[in-house]
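Student: Hey, can we go through this one together? I'd like to start with the charged side chains.

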Amino acid sequence: MNRRAALRGATVALLLLTSAAASRAAAPDSVRVVKNPRPAAASGLYTFNRAPLVPTQFIKLPIGAITPRGWIRKQLELDASGLVGHMSEVSDYLKYANNGWVDPKGTDGWEEVPYWLRGFGDLGYVLKDPRIIAEAKHWIDGMIASQRPDGWFGPESARTSLEGGPDMWPHMPMLNVLRSYYEVTHDARVIPFLTRFFRYMNTLPPPVFKRGWGAVRWGDNIDSVYWLYNHIGEAWLLELARHIHENSADYTNTIPTWHNVNLAQGIREPAEYWQQALDPKFLQATENDYQKVMTSYGQYPGGGFSGDENCRPGFHDPRQGFETCGIVEFMHTFEMMSRITGDPLWADRTEELAINSLPAALTPDHKGTHYITPANVVQIDNRGHTKAQFANGTFPMLAFKPGIHDYRCCPHNLGMGWPYYAEEMWLATADRGLCASLYGASEVTAKVGPGAGAEFTLTEATGYPFNDTVELTLTGPRAVQFPLWLRVPGWCTAPRLTVNGKRLSTAGAGPLTYLVVDRAWKSGDRVTLTLPMHVAVRTWKQNKDAVSVNYGPIAFSVDITEKWQRFSGAASWPEYEVFGQSPWNYGLALNDADPTRGMQVVKRGDPFTDQPFTHEGAPLGLRVKARRIPEWTTDGDDIIGLLQPSPALTREKVEPITMIPMGAARLRVTTLPVASDAPGAHVWKPSAQPWPKGTASKVFDNLDALADEIEPARSHDDSIPRFTWWDHRGSVEWASLEFEKPITVSKSAIYWYDDTGSGLCRIPASYRILYLDGTEWKPVQATEQYKVSIDRYSTVSFKPVTAKAFRVEVQLQPTFSSGILEWKLQP
């Protein structure tokens, strides 16, 4: 083809494209309904995945492109005036002088500096706060200047701190610090800095990837490796990502850890690697892991799971807590998964945590936090609890305080929660448009449209989630064709959409879809999206058929009057306990045919309020019918009693009660039994059963499990509570049961805990039964030989003894511990 023919062909093609664009612009507005978009190629205006990484539909906009307004901005401002913004004044881990992150020979700072700086820097960038930005830059400048020639940076002591090799974990969040800084400043030092560090990492042998906290958190680094690859395109980075995947914890085929923060971070690793491997099994593995975790431990509202440090078999009641670190890391995972998969379900999950769980992890002024946030909690106190209700029950985890040393990781790490959320509200799309992913009052300015793109500003006015309407106003230099993507949440069945006052058909739209309007947008165009909310009752089958109530994305709690009592702390950083001053032990009186009948949403205030997460500021309430359940009390240690089967039998009268948004309640009961006086309703045992009382020489798990009348299926039954002497091994140990008054006993039956194949508990080498005679423990007179059995009760008969207390004394096997699933004392 000669040059003239080529030009003529190009002109014809250009005319055809122009004509098609004009035709689209002139065509009546229409809505395309999309679910799980997967683009064939990324042609967006921002830094999308380079080949051979899989193209994604969505990409994060540059930090600063989104200006949050309304209640989201208020949470950020409270962070800035609270603990996050002033952590370097409060935490001795963050003293700049002699800190290992800026002085190679320095000390301190391990994970605390990276954790804090990750949220602190982004908080400054999102708010455009000069003080915070300058302080973050001071740390970043020092860190960049301290990099060693081989690429290592940070504390020199960490280079050999794990079995003589490097501890790579604290660098993982620090890489996020540098990435955010580069996206805001384009500082030319950052890319070479990261390149040198990853080259150093590429020299590390496989055992390094299996050590320390990093062993189960390497997904954090795969994300950063891909970030650098997308900027410089060097193939060795993909080999590094493969090396990380193949040598770190396997989340593809199993759950390698049950530590809550590890899980919250780690489950995203297979989906991250899917972008390179392209095998759908990796993408599915992350969803599978999420389902395994939530099916076992997330059976209550709020989006979290029972991880008051570690998830423990049998401990899945809503009184269990979710670590604050876990909340923000889970949100981060969900935000990343929204972009990787394009599935709107992940945005739903992000929103559920942000609205219902994160606010309650902080005091209303953000000057204090606590270690764990339960979905059901009726007293927040500053003491450890004695019955292993929580995995780390030996130290206080509920009180609100800065907690620099008490809680350590959480106060430093929580700061990324709200900034990252704000940064993900709007996403760039592979088809050169914008996606409203997380709704909230905001303004976004971004490039859209063909060619080099044009800069448009979209202003979002809404009280969401406290009202159901989102108003968008567009401003741009000229008419520009681009698609606008709008997420339809999973609870919304009938979205409505208008453009410039004209109602558009949303036929085919439903939960977990996107509404896409592709047109020539111009200044002054207005979009109104309505997401009608309705009251819904959810039944939690695996938590005794208890129920919770939602209105749209908002979960509700019984409105408990809270008394805040300062117990310690400086005037500027007070520490609080919170005590309930009103009844909480209700079950819902539901209509069998229509559980929501009679429930009424009550407007309590302005949905556009900037602080909806307090009792006073909550814009919505819910009126429901309920009945008291007198047997549901605290467990004697001031922890709310465990749920028992629904419907719960009660003769108490039906009364109207108020519920408030879960995120506005620090004391809350969100997962309630159904209350009934009908035949067949379950008689509840009193929660605070004082007898028998358990004591032991060492308690790791749950003393109440000694005699909780829950039958084991086998010795390695991880579905029920257990008591163990862990981590005592090979020693003589004991456990006792004390009764309210003397009982006569002639037989003991003990079901031993043995986790052969997964742990270090075994049936004991031997045991004997004793009784308390005055102040002296005496052995019973056995009428048969003691035998230690597995997978069944070990029984022994003896001459009848009348006493108030009995003891089992065990000799543990060498190098092993042991435990008890159930102990019966019989006449």
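Tutor: The side chains of R383 and D381 meet in a salt bridge, with N and O 3.4 Å apart. A salt bridge here is a side-chain nitrogen of Lys or Arg within 4 Å of a carboxyl oxygen of Asp or Glu. Keep in mind that this is a predicted model: local features need pLDDT of at least 70, side-chain atom pairs count only at pLDDT 80 or more, and totals for chains, interfaces and linings use all residues. Residues are numbered from 1 along each chain as its sequence is written, and side-chain values use heavy atoms, leaving out hydrogens and water.

Student: Is D381 buried or exposed?

Tutor: D381 counts as buried, at 1% relative accessibility. R383 is partly exposed, with a relative accessible area of 30%. Buried means under 20% relative accessible area, exposed means over 50%, and partly exposed is in between (1.4 Å probe, protein chains only).

Student: How many salt bridges does the structure hold?

Tutor: It holds 39 salt bridges. One of them joins R118 and E329, at 2.9 Å from N to O. R118 lies in helix α4 and E329 in helix α13, so this pair ties together parts that are 211 residues apart in sequence. Both R118 and E329 are buried. Helices (H or I, at least four residues) and strands (E, at least two) are DSSP runs, numbered from the N terminus.

Student: What does R319 form a salt bridge with?

Tutor: R319 pairs with D635, and their closest N and O atoms are 3.4 Å apart. R319 sits in the loop between α12 and β4 (321-323), and D635 in the loop between β25 (620-628) and β26 (648-649), so the pair ties together parts that are 316 residues apart in sequence. R319 is buried at 5% relative accessible area, and D635 is buried at 6%.

Student: New topic, rings! How many aromatic pairs are there?

Tutor: A search of the whole structure finds 42 aromatic pairs. Rings of Phe, Tyr and Trp (its six-membered ring) pair if their centres lie within 6.5 Å; planes under 30 degrees apart count as stacked, over 60 as edge-to-face and the rest as tilted. Y290 and F334 make an edge-to-face pair, 5.8 Å centre to centre with 75 degrees between the planes. Y290 lies in helix α12 (residues 280-297) and F334 in helix α13 (residues 324-341), so the pair ties together parts that are 44 residues apart in sequence.

Student: Which residues touch the most other members of the largest nonpolar core?

Tutor: Of its 200 residues, those are L61, F198, M201, F330, W426 and L486. Helix α4 (residues 112-127) gives the most to this core, with nine residues. A nonpolar core is a set of buried Ala, Val, Leu, Ile, Met, Phe, Trp, Tyr and Cys residues joined through side-chain atoms within 4.5 Å.

Student: And which aromatic cluster is F198 in?

Tutor: F198 is in one cluster with W101, W152, F153, F193, F197 and Y200.
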